[in-house]
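Please open the model in your viewer, colour it by chain, and keep the selection panel at hand. The stops below say what to select next and what is there.

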Amino acid sequence: MQEFVQYLFSGVTNGAVYAVIALGFSMLYSSTRLINFAQGEFVMIGALSVISFWKGLKLPLPLAFAGAVGVAALAGLLLDRLAIRKVKKPHPIVLVIITVGASILLRGVAMIVWGKDAHGSPSFSDSPPFEFLGATLLPQSLWILFITLMVVAGLHIFHRKSLTGRAMVACAISKKAAAIVGIPTERMVQLAFAMSAAMGGIGGVLIAPISMSSYDVGMNLGLKGFCAAMIGGLGSSWGAILGGLLLGILEALGVGFLSSGLKDAVAFVLLLLILYFRPSGILGKAAVERF
Amino acid sequence: MRYLIIIAAATAAGFGLSSPYLLQLITFIGINTLLALGLNMLMGYAGQISLGHAAFFGLGAYTTGVLTVHYHWSPWAALAAAIILTVIVAFLIALPLLQLSGFYLGMGTLGFGMIANVVFRQWSALTGGDSGLVGIPSLDLGPVSLSSSRNYLLLVWAVVTLFIFLCERLIDSRIGRALKAVHDSERAASSMGIDTGRLKVQIFVLSALMAAIAGFLYAHFVSFISPGTFDFIFSVRLVTMVVIGGMASIWGSLLGAAVLTLLPEALGFFAQYEMIVYGLVLIVIMIVLPQGLFRGIQDIYGQTKFSGQSPSAGSKD
């Protein structure tokens, strides 16, 4: 029983990070029907940037956090303006290849800036791990959960209460209708890119203290975030969160009770199961068009 | 005819070149062409996407590797086994997913590809795990030994030429026309009586089969295989070959495979900037020539042909 709780804790921790990454995928898909294969690289950029700002430049943590997320958001913005926008006939597969090229490019830049070594980051607070329900809980896990909740709440308020947020929802429901009522859809797409990249960046910042980061961690995290988004239902915010948590927990249980070598397979087995039994995702059909 | 060009070029390369590096490079282009061709049939003509094609490549390679190394089968018997196994697996994957429309098959192949990679890594008793599988024997065709680079190049390109021929025949047949119909509009095609689900499954199985044969050729060429070759990155590279070369274009597959096999070699010059340049090249090609290099070059050729004939016809609009 004790082991189970332990796995649950680590699963929820990782799951929250997957959830944030999945939110990025979902948000971009809602606004643009595009699946961004470079999303994982934004996570990597967030992680390595916060390490550079916090450990390297010795900036205070909140500033380093904001700076790292800003760098990731900027990268997302550039991807939209310099690459995606320039395509005259946006055939989905062409855009996918562009995001693939962008992910390779970002990885190349990261390799130059941060080298090939793995970098670690200290936890956000210095407190030691403590006991809870018979298992050890890292304070970093609490930070991750707290910040994830803040992100989700913030997004919720943004999309329901603010004018820009509601405009984004309108674009997601129907771009043409939104354009007709005067919403600048191109700018909404730009914002969607920046925000989804920022989501990725936040995921990276959160995961930096609990695992080593290097220039090539993006792909794996991106793929898992993508699986989480698919499992929960692409286009649904709550689906992304549910998918992320579910994936994290099942992954931890799989590693604990089955074998650590199969860890990476869990996400994709779940993906296949969802595709076979409920392709639109757990919270799919019902929430596909709304945030 | 165009086949003569390939046969002539391959023979010239095989007998004319002596540098083992060049012979090996051209052989790899051939193997990649076979992979890209199969994927192009699926993507360009059937309008699906496969993000896990490296898995079928690996399935072919590991089946023949395991059977020839651990069980001492004859490579040709192993080839038959690889083909049968791949067909079965491809059926199992495609059947449930191809009933759905849209990109669900693509996602399913993504999942399958990753799982296959994990299996290659974890089933170490059979596959050697991360350390890979050594000692895969070279091929021989009766008295002719195929272990020399030159002979292997000719073998690979013979297979490639054969499949180019088969695919061209396929596209120019009832099946090919049905595929084009499905690609344009699945609903319209099925209202005409075309069994779109079955057609898509058949093309998926064909493309998996070609990938498995490519895997077989690869395994006996390099005699050592490891899971790192058959990963998501390689699947993405294959998709890129198809799109850059030109979808729904057989010769585009060859062009795409050639460009993307040679590009990393050429980019070695850029040392640590290689990835940046590679990514940039992909992005720029997609922005400038979204229909792929083959069509793009044809278009440019067509334009200059017109502007050469008469001054007024040169200005398009």
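This is a predicted model: local features need pLDDT of at least 70, side-chain atom pairs count only at pLDDT 80 or more; totals for chains, interfaces and linings use all residues.

Select helix H12 (residues 250-267) of chain B, where helices (H or I, at least four residues) and strands (E, at least two) are DSSP runs, numbered from the N terminus. The buried residues in H12(B) include B:Ile250, B:Gly252, B:Ser253, B:Leu254 and B:Leu255, and also B:Gly256, B:Ala257, B:Ala258, B:Leu260 and B:Thr261; a residue is buried if 20 or more other C-beta atoms lie within 10 Å of its own, exposed if 12 or fewer, and partly exposed in between, with C-beta atoms placed from the backbone.

Residues are numbered from 1 along each chain as its sequence is written, and chains are lettered from A and ligands numbered from 1 in the order in which they are written.

Next, select H13(B), whose 15 residues should span 21 Å at 1.5 Å a residue, in agreement with end C-alpha atoms that are 21 Å apart. Among its buried residues are B:Met275, B:Ile276, B:Tyr278 and B:Gly279.

H13 (274-288) is also one of the helices of chain B that each supply at least two residues of the side touching chain A, together with H4 (75-97), H5 (104-122) and H11 (232-245). Show both sides of this contact, which takes 29 residues from chain B and 32 residues from chain A, two residues being in contact if their C-beta atoms, placed from the backbone, lie within 7 Å. By class, the chain B side has 23 nonpolar, 6 polar and no charged residues; Ala, Val, Leu, Ile, Met, Phe, Trp, Tyr, Cys and Pro count as nonpolar, Asp, Glu, Lys and Arg as charged, and the others, Gly among them, as polar.

Now centre on A:Leu271, which touches A:Cys227, A:Met230, A:Ile231, B:Met107 and B:Gly111, not counting residues up to four places away in sequence. A:Leu271 and B:Ala214 are among the residues that touch the most other members of the largest nonpolar core, which has 204 residues; such a core is a set of buried Ala, Val, Leu, Ile, Met, Phe, Trp, Tyr and Cys residues joined through C-beta atoms within 7 Å. H10(B) gives the most to this core, with 18 residues.

Finally, turn to the loops of chain A. A:Arg33, in the loop between H1 (2-32) and H2 (39-56), has a positive phi of about 60 degrees although it is not a glycine, and A:Arg33 is partly exposed, with 14 other C-beta atoms within 10 Å. A:Lys58, found between H2 and H3 (61-83) of chain A, likewise has a positive phi of about 60 degrees, but counts as exposed with 8 C-beta neighbours inside 10 Å.

Definitions and conventions:
The expected span of a helix is 1.5 Å times one less than its number of residues.
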